[in-house]
Amino acid sequence: AVRREGAGSAMVARALWALLAALRAGWCLLPQSGYLHPDEFFQAPEVMAGDILNLQVYYPWEFLSSSPCRTVVFPLMTSGVTYWVIKSLQQLDICSSCINSYTLLVSPRLLFTTFSFILDYSVYRLAPFWGADPWKALVLLAGSYVTLVFYTRTFTNTLEGLLFALLMVLVSSRKSSGSSAEPTSSSLIGVITTAGFFNRPTFLAFALMPLLYWASLIVDSQKNIKTLINHFLKLILCACFTAIVFITADTFYFTSVSLDNLYSTNKSSLIDVIAQLHEKMVVTPFNFLSYNLNPHNLALHGSHPRVTHFTVNGVMLFGILHILAVGAGFKVLKKYVHQLMLVRWCYHRPPGLLVHSEGSPTLLLFYFVPLAFLSLFSHQEPRFLIPLILPLVLFSASPNRAVKWKLLLVLFNLLGALLFGCLHQGGLIPSLFHLEQLIHSPASSSHPRHYTLLFAHTYMPPRSLLNIKKTDMHVEVIDMAGSGEETLCQTVEQRASNFTCSDCHIFIIIPGTVRATITKCGVSFRNETLIFPHLSMEDPPQIPVLSSGNWRSQLGLYILELNRDH
């Protein structure tokens, strides 16, 4: 009877995981309207749309040759590949209009959504090793809004989480007999660690515990010093080779170095070529660290208390699972301190917590050690912690840790998916879709028009979604960010007074919560389009207004067309 019950619950868990996996893929294609953070566009898709599709884009400072802080390798391998595919399909006339706002948004996201199943594979592989129930862990993973929303977006943090998962798989191997296997993946560990470091230097915080665990297994299993040295040499050599690949690619991209230029009329020797390359060498992680280790620079992006990750962001991302892990962590710490005092009193040597422990205590270290290192920096955003979902679900799915609070987990993840997947800045992407269709409508094509698009109190609009070629000068995008009333009205009035051509159109895109500000600017509008829903946390709706009949306006984004006859 117990076996039947276990088999039945496993079947239910498999069906639930399959349903959640289908939801992940389907919601990506729908697509999700929520806009989490500008970095989901401006750290890969926006840059690649400019480089590969020759579209008008905004290049962030990290990708300028004067301040290269991001490697170009991963953007090229992800968004770059998808854009190259849709460009090729259009050039081959397989798809006459492959390049549009929908494909520009969804194609990179679809690739990341496909990659997100590396997490599921890793959980399935790792669960037996760490004593967790595989299908319970998979349901916890697939049902988390972090997986449904964050892992389907084009963040470098998403890639960081996937590389962390692969690293955990490589360091956790078990023989069929059940004992730990001798680690044989030194080369791959070196490649993944270096690739993760170039993607985001903070990857070292996540890689620390897996590398220490791997090193402890190596030392524990090797009696021959020669074999021991061989493992570490393989790791170092592969890490160096991977670093050379990244440095070479970034140097060629950011300095526009070409072999034709190097072998110029002087017919430089190979030594001269190497010297020129060395002079222009770009090492993006060092530039990244140099910038981010400066407290003044971090303050420009927002400073937070050092406990923000621990007390706020962990709860915001993982809810009750984070709280339970914190409680378990304190219990383990208390027990370990007690054992440490007892062992030192009796045997005068510390107990081994890491090397011989493969269960919950070590998983808690995999979770809290990266969190502690990331907490050393004053700039703390929730997405920085998304790689930690892997050790957390493995810890939460151990057999002796029955998943309670099921209803609370479901409600928490439903709320998170609704808030971040639909509501948060949710009108901006649909507004760009609407404007792209307007700009490329047949009427606009037959009679060229000039469009001015003024965005105020929204996140930075990804210009690539407007699908405008760099050679087209008939569209101007102005990002006013969170400008005050005086600055906003001054800009609007200035544009209104410069209505010189008969085919000029000025659109103002603004949240409903600050719609009243525009009415004070003394201008009128001939068209108003309301896009629902849109929640701006920077300009949140007031509760009394939400309870009135005007709630839809407060949770919407307006596209206002300025009246020429004003």
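Reply: A search of the whole structure finds 28 aromatic pairs. Here rings of Phe, Tyr and Trp (its six-membered ring) pair if their centres lie within 6.5 Å; planes under 30 degrees apart count as stacked, over 60 as edge-to-face and the rest as tilted. One of the pairs joins Tyr35 and Phe41. Their centres are 5.1 Å apart, with 85° between the planes, an edge-to-face pair. Tyr35 counts as buried because its relative accessibility is 0%. Phe41 is buried too, at 5%. Buried means under 20% relative accessible area, exposed over 50%, partly exposed in between (1.4 Å probe, protein chains only).

The rings of Phe150 and Phe155 are stacked, because their planes meet at 25° and their centres lie 6.3 Å apart. Both residues are buried. Phe150 and Phe155 also belong to a cluster.

A word on the basis. This is a predicted model: local features need pLDDT of at least 70, side-chain atom pairs count only at pLDDT 80 or more, and totals for chains, interfaces and linings use all residues. Residues are numbered from 1 along each chain as its sequence is written, and side-chain values use heavy atoms, with hydrogens and water left out.

Charges meet rings as well. Arg24 lies over the face of Phe117, 4.2 Å from the ring centre. Arg552 does likewise with Phe532, at 4.4 Å from the ring centre. A charge sits over a ring if NZ of Lys or CZ of Arg is within 6 Å of the ring centre and within 35 degrees of the ring normal.

Next, the cavities. The whole structure has 5 cavities of 30 Å³ or more. A cavity is a set of points on a 1 Å grid over the protein atoms alone where a 1.4 Å probe fits but cannot get out; lining residues have an atom within 4 Å of a point. Grid points are joined across faces, edges and corners, and a volume is the space filled by probe spheres set on the points. The largest cavity has a volume of about 50 Å³. The lining divides into 3 nonpolar, 4 polar and 1 charged. Ala, Val, Leu, Ile, Met, Phe, Trp, Tyr, Cys and Pro count as nonpolar, Asp, Glu, Lys and Arg as charged, and the others, Gly among them, as polar.

Conventions. 1 Å grid on protein atoms, 1.4 Å probe; cavity = no way out; pocket = protein on both sides within 12 Å on 5 of 7 lines; lining within 4 Å.
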